[in-house]
Each structure stands twice: as C-alpha cells, then as structure tokens.
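This briefing covers the salt bridges, the nonpolar core and the overall fold of the protein shown below. The points are grouped by topic.

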Amino acid sequence: MYQEIHKLDDPETGKTWFAVYEYFTYASHSVLAGQTGSRFLDGFDTLQEAITAYPKADRNDHRGWEPSQMSDFPPSDFDPADAGETW
C-alpha cells in the first residue's frame, strides 16, 4: 500500500484542493484480484496541510481520473453462485 497527494481542480467552483488517496492491490479472493484499487482518505485546502497530515505520502500533481482496469472476462475461479454476482 502507498499513499499519494493529488492536486485537483474542481471545474464547478474553480477551487484547487489536495486529496490524499491510498492505493492497494485487491486480494486473490476478489473479482478484482491483482488489480490496483484506491480509496479516498482526506481532502485539504492547501498542499502544506496535506503534507502535514500525511508526511509519508508521495506527491502526484499529474495523475487524474483513471478508467477501471476490470477485465471483460472473469477469472478462472469465478463462480456466479458466490454472493449472486454476475460478470
């Protein structure tokens, strides 16, 4: 797992803010097994606030939204009977 601070511009308000995300790899029992996932941790008005709260986080001003990396095909061990999921 690792954390990154992203500079984001809100197109509706024109406001710039800084979001901290944590990145992780989905476990082998997940339908997203092996893929990178992210979770929002916190948002700040200034970069310095974000750095103070998350001093070990990397800074990434160039990364924006990324499309899902989900495969069109289920993994070999996928079973639709588990939790009623479909692919």
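In this predicted model, the side chains of Asp-45 and Lys-15 form a salt bridge, with an N to O distance of 2.9 Å. Asp-45 belongs to the loop between strand E3 (36-44) and H1, and Lys-15 to the loop between strand E1 (2-9) and E2, so this pair ties together parts that are 30 residues apart in sequence. The count of salt bridges comes to two.

**Salt bridges**

- Asp-45 is partly exposed, at 47% relative accessibility.
- Glu-22 is located in strand E2 and Arg-39 in strand E3, so the pair ties together parts that are 17 residues apart in sequence.
- Glu-22 counts as buried because its relative accessibility, 14%, falls under the 20% limit.
- Arg-39, with a relative accessible area of 37%, is partly exposed.

**Nonpolar core**

- In soluble globular proteins, nonpolar side chains tend to be buried together.
- Eight residues make up the largest nonpolar core here: Ile-5, Phe-18, Val-20, Phe-44, Leu-47, Ala-50, Tyr-54 and Ala-57.
- At least two residues of this core come from strand E2 (16-25), and at least two from helix H1 (47-53).
- Beyond its neighbours within four places in sequence, Leu-47 contacts Ile-5, Phe-18 and Arg-59.

- Ala-50 is part of helix H1 and is buried, its relative accessible area being 0%.
- With neighbours within four places in sequence left aside, Ala-50 is in contact with Ile-5, Phe-18, Val-20 and Phe-44.
- Ala-50 and Ile-5 are 45 residues apart along the chain, yet their C-alpha atoms are separated by 7.1 Å.

**Overall fold and surface**

- Of the 87 residues in the protein chain, 23% are buried.
- Considering contacts between residues at least 6 apart in sequence, 38% link residues at least 24 apart.
- The protein chain has an accessible surface of about 6,500 Å², and carbon and sulfur atoms account for 51% of this area.

Notes. Residues are numbered from 1 along each chain as its sequence is written. This is a predicted model: local features need pLDDT of at least 70, side-chain atom pairs count only at pLDDT 80 or more; totals for chains, interfaces and linings use all residues. Side-chain values use heavy atoms; hydrogens and water are left out. A nonpolar core is a set of buried Ala, Val, Leu, Ile, Met, Phe, Trp, Tyr and Cys residues joined through side-chain atoms within 4.5 Å. Buried means under 20% relative accessible area, exposed over 50%, partly exposed in between (1.4 Å probe, protein chains only). Helices (H or I, at least four residues) and strands (E, at least two) are DSSP runs, numbered from the N terminus. Contact means heavy atoms within 4.5 Å. Accessible areas come from the Shrake-Rupley method with a 1.4 Å probe; for residues, only the protein chains shown count as cover. A salt bridge is a side-chain nitrogen of Lys or Arg within 4 Å of a carboxyl oxygen of Asp or Glu.
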